[in-house]
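Here's a quick briefing to read with the model open. Have a look at the fold, then run through the notes below.

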Amino acid sequence: MAMGSTLTLVAWTDDETGARAAFDAVYREFDRLDGLLSVWKPASDVSRINDNAGVGSVPVSPETLEIVETATDISDRTQGTFDITFGALADVWKFDHDQDGSVPTADQIAARLPLVNYRAVVRQELRRTVFLQKKGMRMHLGGIGKGYAVDRGVGMLREHGLRDFMVQAGGDLYVAGSKGDQPWTLGIADPRNADGAPFATVQLRDKTLSTSGDYERSFMKDGVRYHHILDVRTGQPARLSRSVTLVSSKAVLADALAKGVFILGPAEGMALIERLPDVDGVIVTADNQVLVSSGLKALVTITHPPTEGP
């Protein structure tokens, strides 16, 4: 377990001892990054930034500063639908260990929305500080931190001489080289299949694959699905998509961008995917249609339509 998800490492190599040493280094790096980025650790960079919201700038690690810079760029690209200050809504909605099936009132959500604004995150590159301009703002890097960690892990395995491997942290993974003498064949989860079986597969080499879906952290109430991917413009769960799977050469990009595309919805989201270099994707829409970007059509095999259901 690392950064709130299962971390799985696989390598094809004759050097088992070297691979295990490389794996141990990656496990330690994930733990180190979790210590910087977690909102659950009082001494982390993110917790200290949140504690000083509206008060003052906080010195942070180079890694945290880099992630915040990348997040701001992706927020700009996604019209602000990806926003690391969504943390102001995190204790209004309950999707984690505190999940009790309750739905916040409109007034509770409205009170927090003014605190969600990625443009109010101030970075000082030379001083290496981050400042949240308003009291009550809360940064949360859960939508980008694992992708960053996967990229770090990939770099470390390459430095250890591995060429054919997989790094998977929850819904974010990277496959390098080949699995034996074949490309890696990866499944795209069926959003309404209870056992997580895939409805499609994609063959990849030296690419990352990241999926964001409304089934990952969710609950049903009165026949309505409530899930953790919040549209920061309304404070409500985004309703235009069921899942978004992105392929890129950088996990941090795919991880964060998948959330923004999910919220934008199929039309605007796929238009953005087609405009961006080094990004392709598969979208399952709210009405269960499957959209595949032009760069993936030859690589994706849809084995059956996604399962119907609320």
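How far does helix 1 (residues 16–37) reach from its first C-alpha to its last? Its 22 residues reach 31 Å, close to the 32 Å expected at 1.5 Å a residue; that expected span is 1.5 Å times one less than the number of residues.

This is a predicted model, where local features need pLDDT of at least 70, side-chain atom pairs count only at pLDDT 80 or more, and totals for chains, interfaces and linings use all residues. Residues are numbered from 1 along each chain as its sequence is written, and side-chain values use heavy atoms, leaving out hydrogens and water.

**Helix 1**
- Helices (H or I, at least four residues) and strands (E, at least two) are DSSP runs, numbered from the N terminus.
- Among the buried residues of helix 1 are Phe-23, Glu-29, Phe-30 and Asp-34; buried means under 20% relative accessible area, exposed over 50%, partly exposed in between (1.4 Å probe, protein chains only).
- Their cover includes strand 1 (7–11), helix 3 (62–77) and helix 5 (145–159).

**Aromatics**
- There are 4 aromatic pairs, counted when ring centres of Phe, Tyr and Trp (its six-membered ring) lie within 6.5 Å, with planes under 30 degrees apart stacked, over 60 edge-to-face and the rest tilted.
- Phe-219 and Tyr-226 are stacked because their ring centres are 5.4 Å apart and their planes at 25°.
- Ring pairs join Trp-93, Phe-95, Phe-219 and Tyr-226 in a cluster.

**Val-232**
- Val-232 sits in the loop between strand 12 (230–231) and strand 13 (236–237), and is buried at 11% relative accessibility.

Technical notes
Contact means heavy atoms within 4.5 Å.
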